[in-house]
Amino acid sequence: MFDRYEAGEQAVLVHITFSDDNKKEDLEELKLLVSSAGVNTLETITGARKSPQARFFVGTGKAQEIADAVKTLGADVVIFNHALTPAQQRNLEAICECLVIDRTALILDIFAQRARTYEGKLQVELAQLDHLSTRLIRGWTHLERQKGGIGLRGPGETQLETDRRLLRARISTIKSRLAKVEKQRDQGRRARQRNDVPTLSLVGYTNAGKSTLFNKITGAGVYVADQLFATLDPTLRKIDVQDVGTCILADTVGFIRHLPHNLVAAFKATLQETREATLLLHVVDCSDEDSLANIDAVQSVLDEIDAGDIPQLTIMNKIDVLDDIAPHIDFDEQGNPIRVWLSAQSGAGIELLFESLMMLLSRQIRSIELAIPPEQGKLRAIFHQLDCIENESYAENGDCVLAIRLNNTDWQRILKQHGTLIETYIISTN
């Protein structure tokens, strides 16, 4: 049903520069993506336009130039560094007489190659089916479509319509299976919350060095490679932080500019580890010339998955590539660590990371004493669900006196829901 090229194919790359910053893509990043997919680049065709053309995305002359390059070089696939509509893709394939894919399909293909776990494979398949659902017609243009009216009635359900029906059924099956996986993950998170275990989630642009840092800290042996999206399936390990105790460190999939929305939706269960984290460790490749743009790209994805408000510690990685940069910590005006400069490869500055975590996490834990009146039983139940109650007693007037200890993220969430009410019940806090 689906066209999927094999690794090792020969490709012509197409990169168009637009005046609109929102449409700009990085040519070097495209070459890294293509290399990560195992495809050999024969030629790169570039151009400039004010806006995409409706028919070919590029102009008619540029489309013919691409087609001539395909025939001359014997290319198997044309890869655009942009998102194409199904009509544009179909028109380009007609003129080039070979497979044409866009940036989204390329990223999906890399994910399909890297998926190892049951959950990861389901997530990738869901994203692929969602992307390909509007492109099914490409494989069945030789078949008639069912029509109504006298003289126009077809022989019943056509192959295209059959495929669409089967595809919808498969998407429904995958979503139900992923829902079960999400429940299992949710149970694990609730158990960690009940035990008051902080969760630290490594986030950052793809190939920033998250997995190398994860292995250096935990000794987990997670797959590491100098390529985009080397990590796809999340890995969780325990670490010990002084004065805090046991914490959970999660290694997650890297982000990229204009990450396909259907990919974000498909990886909802995986990205939940990021959304529910106590602290985000934002790993940045400080040797990359586009590091500031990469930080903005990561932040936009975090905002998209509702994780933009979670506290962050920025980790400026790969200082060993730069000259005259020693491991150090940057502090804000309140004396809180905001950036740690280190090298995950050599291990220089790892102790400074743990020092920063100790300072931040110890301040994340709140000890609060509350006197809750009997009619506010629901509020008392919330603290029991979080399993954060250290001591419970009753005053002479019937108030329930609770001594609770919980992380600041949970406390702020409760304050948002019951702010003015709960503040009147606070006896002491520190």
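Predicted model: local features only at pLDDT ≥ 70, side-chain atom pairs only at ≥ 80, totals over all residues.
Student: Which residue does the side chain of Glu392 meet in a salt bridge?

Tutor: A salt bridge is read from the separation of a side-chain nitrogen of Lys or Arg and a carboxyl oxygen of Asp or Glu, with a limit of 4 Å. Here the partner of Glu392 is Arg380, with 2.6 Å from N to O. The two belong to distant parts of the chain, since Arg380 lies in helix α12 (residues 377–386) and Glu392 in strand β13 (residues 389–394), twelve residues apart. Arg380 has a relative accessible area of 28% and is also partly exposed.

Student: How many salt bridges does a search of the whole structure find?

Tutor: The search finds seven. One of them joins Arg103 to Glu29, whose closest N and O atoms are 3.0 Å apart.

Student: Are Arg103 and Glu29 buried or exposed?

Tutor: Both residues are buried.

Student: What separates Lys62 and Glu65 within helix α2?

Tutor: Lys62 and Glu65 are three residues apart in that helix, which means a separation of about one helical turn. Their side chains meet in a salt bridge of 3.2 Å, N to O. Glu65 has a relative accessible area of 37% and is partly exposed.

Student: Turning to helix packing, at what angle do α2 and α3 pack?

Tutor: The angle between helix α2 (residues 60–73) and helix α3 (residues 86–96) is about 50 degrees, and their axes are 9 Å apart. Angles under 35 degrees would count as roughly parallel, and those from 65 to 115 as roughly perpendicular. The two helices are therefore oblique to each other, and their crossing is right-handed.

Student: Which residues make the contact of α2 and α3?

Tutor: From α2 come Ala63, Gln64, Ile66, Ala67, Val70 and Lys71, and from α3 come Leu92, Ile95 and Cys96. Sorted by class, the contact has seven nonpolar residues, one polar and one charged.

How values were computed:
Residues numbered from 1 in each chain as written. Heavy atoms only, no water. Axes fitted to C-alpha atoms, helices over the stretch in contact; angles between N-to-C directions. Helix = DSSP H or I, 4+ residues; strand = E, 2+ residues; numbered from the N terminus. Parallel < 35°, antiparallel > 145°, perpendicular 65-115°, else oblique. Left-handed = near helix turned anticlockwise from the far one by under 90°. Contact = heavy atoms within 4.5 Å. Nonpolar A, V, L, I, M, F, W, Y, C, P; charged D, E, K, R; others polar. Buried < 20%, exposed > 50% of the residue type's maximum accessible area, 1.4 Å probe, protein only.
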